[in-house]
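Dear colleague,

Please find below the structure that I am handing over to you, with its sequence.

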Amino acid sequence: MTPPENRRPNDRGGWPGAGPIDRSEHEPTFWERRVDAMQQLLGRKGIAVTDENRAARERTISLQDYEQMRYYDRWLIGMQTVLVGKGILAEGELERKVAEMEARSSG
Amino acid sequence: MSEAHEHPHPEDTAVPTDFEKRAGAMFELLIQKRVFTADEVRQQMELMESRNPALGAKVVAKAWVDPAFKARLLEDPQAALEELGIAWDKGTQLAVVENTPEVHNAVVCTLCSCYPRPLLGVPPSWYKSLAYRSRIVAEPRDVLLEFGLRLGEDVEVRVHDSTADMRYLVLPMRPSGAERLTEPELAELVSRDSMIGAAQAAPAPGGPTRTASYADASVERHN
Amino acid sequence: MARFSPGDRVRVRIDNPPHHYRTPAYVQGKTGVVDKLWGEFRNPESLGHGGDGLPKQPLYSVVFEQPALWDGYPGSTRDKLAIDIYEHWLIPQGA
């Protein structure tokens, strides 16, 4: 079997060292549902298809990040990668917007 | 079941996390750039809320009481869903896998989190977890035991890895002693986990707690 | 025109292309049996990078015996793993 070091981080079938499954329920938060909805809308509008989103996550998220980031964190990274790649967002535009919104809320 | 909200609750944004800040910025940017409108996002969130395991349970309950519907469901799942006014999504295709005394099915997406969302809503966290994705294919019986489900040696455990455009719904076995229940009452016995294959349907009230149809199967009641 | 039919023995290619693909490592190099032809679908390897995914590729449900996939498989010898694989990843095997 291909050892993990030669695999893509998302290719988890049979990945060794997995422990017990955490079965606690986590109702998605408002913003998680909103990110999900935005992703679905991008698909429905033909802006980004599912495989582009998957490919973006596979390309841009390291193994360490993949194992530590939360699910919707990964989606947001993927969404940003795809939208920058398509020229809909500029490089760094999301980060500048975050800064602008923080300044707005503390101003 | 939470309702869709147009605006976040105050407690959601009291101390926004980094994720919430980035998500909020993404939302504002894409609205500014007219990629979509706030209304469209709200409607999409409402659509997502309307999709929950009760839909899948309704399909299962009907399959239990109506053998002709069950046959149509197994043959052409999306056409059968349309009979019930349930729309599937474009771009993926539904398959229904039937549990029998000989075969117990379980579903996973080892590569990401593919899930039959039009029937079950959003997947539970455990389904998306790295541990489930790793172990359900390699040691399914150990995983099912964690969920309280033990299956006999003579039952085939069949795991389906949704790697492409197919999405899988497990049709759990009808519990014994459920002959007198109405369709809605039967639907109450069909948990989300039973439609993923991590559980069986709940026993009928007053029916045997041991499922007669799996040899050596024991079931813990799960919600 | 689909190359394989239900009942055909097939082996999954071993490969790790640099682009997006949907064939997990744990089935690569393994031999199973075609269970179903689901139909033809756009190729995710092209879609992943902005392509149109055409021509559509036949997609099969391929079934593996679990003991053949995992050394020391901790379950019944009759357990199976069913997975959806695109035709271009499958190599015909003799009976």
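Two strands are said to pair if DSSP finds at least two bridges between them. In this predicted model, such pairing is found in chain C, where Lys36(C) stands opposite Ser61(C) in β3(C). The strands concerned are β2 (residues 31–41) and β3 (residues 57–65) of chain C, which pair in the antiparallel sense over seven bridges.

Where do the strands of chain B and chain C pair in the parallel sense? This occurs between β4(B) and strand β4 (residues 80–86) of chain C, over four bridges. Within that pairing, Asp161(B) has Ile83(C) in β4(C) as its bridge partner.

**The contact of chain B with chain C**

In total, 21 residues of chain B are in contact with 18 residues of chain C. On the side of chain B that touches chain C, the elements giving two or more residues are α9 (130–138), α10 (140–146) and β4 (156–161) of chain B. Of these, β4(B) gives the most, with six residues. By class, this side of chain B divides into eight nonpolar, five polar and eight charged residues.

**The contact of chain B with chain A**

Turning to the other partner, 45 residues of chain B are in contact with 44 residues of chain A. At least two residues of the side of chain B that touches chain A come from each of α2, α3 (38–50), α8 (125–128), α9 and α10 of chain B. The most is given by α2(B), with 12 residues. This side of chain B has 24 nonpolar, nine polar and 12 charged residues.

One helix pair in this contact may be described in detail. Helix α4 (residues 71–85) of chain A and helix α2 (residues 18–32) of chain B pack at an angle of about 35°, and their axes are 11 Å apart. The crossing of α4(A) and α2(B) is left-handed. From α4(A), the residues Tyr72(A), Asp73(A), Leu76(A) and Met79(A) meet Phe19(B), Arg22(B), Ala23(B) and Met26(B) in α2(B). The contact of these two helices has six nonpolar, no polar and two charged residues.

**Chain A and the domains of chain B**

Chain A has five helices and zero strands, in the pattern α-α-α-α-α along the sequence. Why is chain A described as more spread out than a compact globule? Its radius of gyration is 16 Å, whereas the globule rule gives 13 Å for 107 residues; the value for chain A is well over that figure, so the chain is more spread out than a compact globule. Taken along the principal axes, the C-alpha atoms of chain A fill a box of roughly 50 × 30 × 25 Å.

For chain B, the domain assignment gives domain 1 (17–50) and domain 2 (53–219). The centres of domain 1 and domain 2 of chain B, taken over C-alpha atoms, are separated by 32 Å.

Yours sincerely

Key
Residues are numbered from 1 along each chain as its sequence is written. Chains are lettered from A and ligands numbered from 1 in the order in which they are written. This is a predicted model: local features need pLDDT of at least 70, side-chain atom pairs count only at pLDDT 80 or more; totals for chains, interfaces and linings use all residues. Domain bounds come from an automatic or database domain assignment. Two residues are in contact if their C-beta atoms, placed from the backbone, lie within 7 Å. Ala, Val, Leu, Ile, Met, Phe, Trp, Tyr, Cys and Pro count as nonpolar, Asp, Glu, Lys and Arg as charged, and the others, Gly among them, as polar. Axes are lines fitted to C-alpha atoms, for helices over the stretch in contact, and angles run from 0 to 180 degrees between N-to-C directions. A crossing is left-handed if the near helix is turned anticlockwise from the far one by less than a right angle, and right-handed if clockwise. The radius of gyration is taken over C-alpha atoms; the globule rule is 2.2 Å times the number of residues to the power 0.38.
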